[in-house]
Amino acid sequence: MSGAQVIAQRPVPGEPRPYDFPDTVRTALGNGLRVIVTPMRGRELVSVSLAFRAGSSDEPDAVGGATVLAARALTEGTEVRDAIALTEAAERLGASLHAEAGWDALSAGLDVPEARLAPALELLAEIVRRPAFPEAEVDRLRDERLTDLLQARADPRRRADEAYVGTVYAPSSPYHRPSGGLADTVRGLTSSELRAVHARASVPSRAAIVVAGDVEPGTVIATVERLFGDWSGDAGVASPTVDDRAAQESRVVRVIHRPGSVQTEIRVGHRGLPRRHTDYHAIAVMSAILGGLFNSRLNMNLREDKGYTYGAGAGFDLRRGHGPFTAR
């Protein structure tokens with residue numbers, strides 16, 4: 001079969017099919033917690049996410065990495081159960097618990113069959129409202145992060161990423177470092193700093209719980225009211241404006257020498273755009289065309305046409321502040 005015949009038989013995009021998005025029910029509890037429920041008939045596996053508007057960009061520089069570590073520690077034990085008992089309780093329900101944090105938010109969530117949603121939500125309420133941050137588990141998580149940072153020194157890609165943001169953003173900006181912190185700040189983190197992160201983040205009026213699956217909105221809202229209705233927090237706490245200043249206005253070329261590396265990592269970019277930009281959707285499409293897909297312009301040119309690299313890409317990292325635009 002000739003090359004022309006192979007190309008001629010390649011599939012082409014089909015006509016877009018109509019899709020009716022399910023209706024979403026939105027409400028708020030008396031304490032300000034927003035509840036968003038999307039019924040999806042036939043989807044027996046329900047997904048739940050409880051997100052707080054408090055991320056790594058809100059933490060003091062001296063405890064950089066505390067928010068990411070606090071999120072990881074949420075599922076490591078509560079005032080009611082230790083880590084093993086919590087895992088066993090989730091497994092008995094067929095549920096998976098998870099928690100994570102990024103620059104703009106800390107979130108905890110679960111996936112569980114609809115028939116066991118209510119007891120699974122009780123577990124979620126337990127880890128969010130009554131975390132223990134046991135010292136032994138926090139020490140283990142901190143040591144794992146320090147080991148990861150040490151391994152990063154041998155990874156050209158991660159060294160390039162770290163040097164890049166450190167060059168683009170001013171030292172006063174949290175974007176000057178990775179969201180998980182650096183060794184100098186992570187090394188001093190204890191349960192005390194993680195509890196402070198939790199206290200700052202757990203404000204119902206600055207949080208939302210999102211539930212999607214084959215559920216009845218009224219039943220879900222009633223369960224959330226029972227578990228979170230009496231939850232209180234300092235409503236006066238607000239996310240500060242993110243310091244996203246650039247380090248300089250002129251062009252900078254920085255070379256990181258790592259003897260023995262067999263490949264070169266390149267980053268080109270600058271301070272970019274915030275997520276709440278009026279042209280967000282156009283920006284997302286443009287980024288995909290430029291460098292967000294395998295057949296994007298950069299990859300097709302530098303990899304497929306010229307054979308200069310194993311891969312090339314580019315795009316915006318949109319955050320509450322002006323995240324970076326990077327070609328890599």
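This is a predicted model: local features need pLDDT of at least 70, side-chain atom pairs count only at pLDDT 80 or more; totals for chains, interfaces and linings use all residues.
I number residues from 1 along each chain as its sequence is written, and I work with heavy atoms for side-chain values, leaving out hydrogens and water.

**Entry 1, salt bridges.** I counted 26 salt bridges in the structure, taking one as a side-chain nitrogen of Lys or Arg within 4 Å of a carboxyl oxygen of Asp or Glu. Side chains of opposite charge can pair when their charged atoms come close.

I looked up Glu126 and found a salt bridge to Arg81, with 3.0 Å between the closest N and O atoms. Glu126 sits in helix α4 and Arg81 in the loop between α2 (66-73) and α3 (83-92), so the pair links distant parts of the chain, 45 residues apart. Helices (H or I, at least four residues) and strands (E, at least two) are DSSP runs, numbered from the N terminus. For burial I use relative accessible area: under 20% is buried, over 50% exposed, and in between partly exposed (1.4 Å probe, protein chains only). Glu126 is buried because its relative accessibility is 9%, whereas Arg81, at 26%, is partly exposed.

Next I checked Arg271, which meets Asp244 in a salt bridge at 3.2 Å, N to O. Arg271 is in strand β7 and Asp244 is in the loop between α9 (217-228) and β7, so this pair ties together parts 27 residues apart in sequence. Arg271 has 32% relative accessibility and is therefore partly exposed; Asp244, at 10%, counts as buried.

For Arg153 and Glu162 I noted a salt bridge with its closest N and O atoms 3.7 Å apart. Arg153 is partly exposed at 41%, and Glu162 is partly exposed at 28%.

I also recorded a network of salt bridges that links Glu76, Glu137, Arg140 and Glu144.

I found six aromatic pairs. Rings of Phe, Tyr and Trp (its six-membered ring) pair if their centres lie within 6.5 Å; planes under 30 degrees apart are stacked, over 60 edge-to-face, and the rest tilted. The pair of Tyr19 and Phe21 is edge-to-face because its planes stand at 85°, with ring centres 4.9 Å apart. Tyr19 and Phe21 are both exposed.

Phe228 and Trp231 form a tilted pair, 5.8 Å centre to centre with 50° between the planes. Both of these residues are buried. Ring pairs join Phe228 and Trp231 with Phe52 in a cluster.

I noted a surface patch of positive charge made by Arg26, Arg34, Arg53, Arg275 and Arg276. Patch members have over 30% relative accessible area and no salt bridge, and like charges are joined within 9 Å; the place of an Arg charge is taken as CZ. I then placed Arg275 in the loop between β7 (268-271) and α10 (280-292). Arg275 counts as partly exposed because its relative accessible area is 38%.

Which residue other than glycine has a positive phi near 50°? I found this value at Phe133. Most residues other than glycine have a negative phi. Phe133 is in the loop between α4 (117-129) and α5 (135-152), and it counts as buried because its relative accessibility is 1%.

Terms used:
Patches are made of residues with over 30% relative accessible area and no salt bridge: like charges are joined within 9 Å, nonpolar side chains (Val, Leu, Ile, Met, Phe, Trp, Tyr) within 5 Å. Accessible areas come from the Shrake-Rupley method with a 1.4 Å probe; for residues, only the protein chains shown count as cover. Lys and Arg count as positive and Asp and Glu as negative; His and the chain ends are not counted.
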